[in-house]
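Here is a short briefing to read alongside the model. Please keep the sequence and the 3D view open as you go.

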Amino acid sequence: MTQQTRRLPGRRPTLDDVARGSGVSKSTVSRVINGEDKVRAAVVERVREVIAELGYVPNSAARQLVTRRNNAIAVVASQPQNRLFIDPFFDLHLRGIRKELVAHGAQPVLLFLEEPEEYPRVGDFLGGGHVDGALLFSLRADDPLPGMIDRLGLPAVFGGRPLVREGEPAHDRVYVDADNRGGARVAVRHLVSLGRERVATITGPVGQEASALDRLDGYRDVLPGASPLLVEHSDYTRQGGADAMAALLDRRPDLDAVFVASDLMASGALQVLRERGRRVPEDVAVVGFDDLAPIAGHTDPPLTTVHQDIEGMGRLMARLLFSSTEDPAGGGAQGAGHPLSSVVTPTRLVVRQSA
């Protein structure tokens with residue numbers, strides 16, 4: 001070390017103090033603090049020793065001016081707030097996002113969109129320089145939020161493949177999703193392998209969410225000639241699953257299996273089957289989708305379902321976002337990262353007692 005350093009009584013250490021104690025310029029100290037890679041390892045070590053000895057704490061406001069970072073990420077969901085906190089899917093998604101943000105020293109800013117009049121307020125916030133990027137999920141096909149993000153130029157990653165309506169231009173938006181179509185195919189093939197001949201399906205909102213459409217397409221891949229009477233559309237809720245199961249039984253009382261596009265809907269479907277005196281799996285085999293531990297392992301009987309790593313997808317969303325907002329040196333300006341590609345994660349069947 002070039003000269004003796006010690007804690008400074010009566011005042012807060014400054015960048016000048018660190019520079020003098022390290023025998024380097026203030027700009028070199030700043031590069032070390034901001035994690036740039038253009039500083040020799042020996043110099044980095046010496047500067048860090050002086051910072052520790054002096055008890056120097058970087059001024060966060062000044063650092064933000066240099067790095068143009070807020071260490072805050074918007075997490076935006078276009079769903080009623082009460083649904084987000086009662087649906088285990090969203091809880092796992094948010095848990096994964098939060099873990100990755102904390103690992104990067106960032107804080108989530110939760111934004112909920114329930115009514116159309118809330119969009120201008122959220123748009124103003126996102127465009128106001130308060131956050132470094134956005135993670136968006138549970139968006140509907142006609143949601144204006146993706147267009148707002150495009151106009152703002154804010155780095156963003158979507159949870160789930162954005163649904164593009166016919167005739168609309170395709171947008172190169174980065175997303176993380178599960179192999180919904182492949183998972184559905186595996187589920188339906190399993191039911192067919194059990195000798196089931198009248199396999200119905202309860203879908204999610206196919207006109208609004210790509211995952212619902214993909215899972216229906218997977219069902220049709222295996223059963224291209226299935227009767228439309230065996231298909232009932234729903235909304236990914238427990239009550240929606242119950243209502244859809246009742247409608248299917250009224251229309252096709254001879255059905256002997258059902259692929260349900262979410263575990264939450266499957267729990268409602270199982271309740272109706274029980275009320276109607278149908279034994280599962282003896283009379284009707286049931287397969288769900290998600291493998292949500294609070295549901296799949298506690299239904300009666302335990303639910304055979306398609307597993308997707310929901311928490312892992314949340315973490316991957318955040319990881320991709322940080323990759324897009326950090327330069328190769330690890331501390332650069334927003335938007336300076338490499339171009340990113342969307343990620344589709346694998347699914348697998350978990351066999352329990354319902355099928």
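Beyond its neighbours within four places in sequence, Thr 201 is in contact (heavy atoms within 4.5 Å) with Leu 216, Tyr 219, Leu 230, Val 231, Glu 232, Leu 248, Val 258 and Phe 259. This is a predicted model, in which local features need pLDDT of at least 70 and side-chain atom pairs count only at pLDDT 80 or more, while totals for chains, interfaces and linings use all residues. Residues are numbered from 1 along each chain as its sequence is written, and side-chain values use heavy atoms, with hydrogens and water left out.

- Thr 201 is found in strand 6, residues 199–203; helices (H or I, at least four residues) and strands (E, at least two) are DSSP runs, numbered from the N terminus.
- With 1% relative accessibility, Thr 201 counts as buried; the cut-offs are under 20% relative accessible area for buried, over 50% for exposed and in between for partly exposed, using a 1.4 Å probe and protein chains only.
- The side chain of Thr 201 reaches the backbone oxygen of Phe 259 at 2.9 Å.
- Val 192 lies in helix 9, residues 180–193, and is partly exposed, its relative accessible area being 35%.
- Leaving aside neighbours within four places in sequence, Val 192 is in contact with Val 222 and Leu 223.
- Val 192 and Val 222 are 30 residues apart in sequence, and their C-alpha atoms are 8.9 Å apart in space.

- Which residues of helix 7 (119–126) are buried? They are Tyr 119, Val 122, Gly 123 and Leu 126.

**Helix pairs**

- The axes of helix 7 and helix 8 come within 11 Å and cross at roughly 30°; axes are lines fitted to C-alpha atoms, for helices over the stretch in contact, and angles run from 0 to 180 degrees between N-to-C directions.
- That angle makes helix 7 roughly parallel to helix 8, since angles under 35 degrees count as roughly parallel, over 145 as roughly antiparallel, 65 to 115 as roughly perpendicular and the rest as oblique.
- Tyr 119, Gly 123 and Leu 126 in helix 7 meet Leu 145, Met 148, Ile 149 and Leu 152 in helix 8.
- Helix 1 (residues 15–22) and helix 3 (residues 41–54) pack at an angle of about 125°, their axes 9 Å apart, which makes helix 1 oblique to helix 3.
- Asp 17, Val 18, Gly 21 and Ser 22 of helix 1 make this contact with Arg 46, Val 47, Val 50, Ile 51 and Leu 54 of helix 3.
- Helix 11 (residues 238–251) and helix 12 (residues 263–275) have axes that come within 6 Å and cross at roughly 45°; the two are therefore oblique to each other.

**The whole chain**

- The chain has 14 helices and 12 strands, and buried residues make up 51% of its 355 residues.
- Of the contacts in the chain with a separation of 6 or more, 71% are between residues 24 or more positions apart.

Technical notes
Polar contact = N/O pair within 3.5 Å; in protein donor to acceptor, adjacent residues only side chain to side chain.
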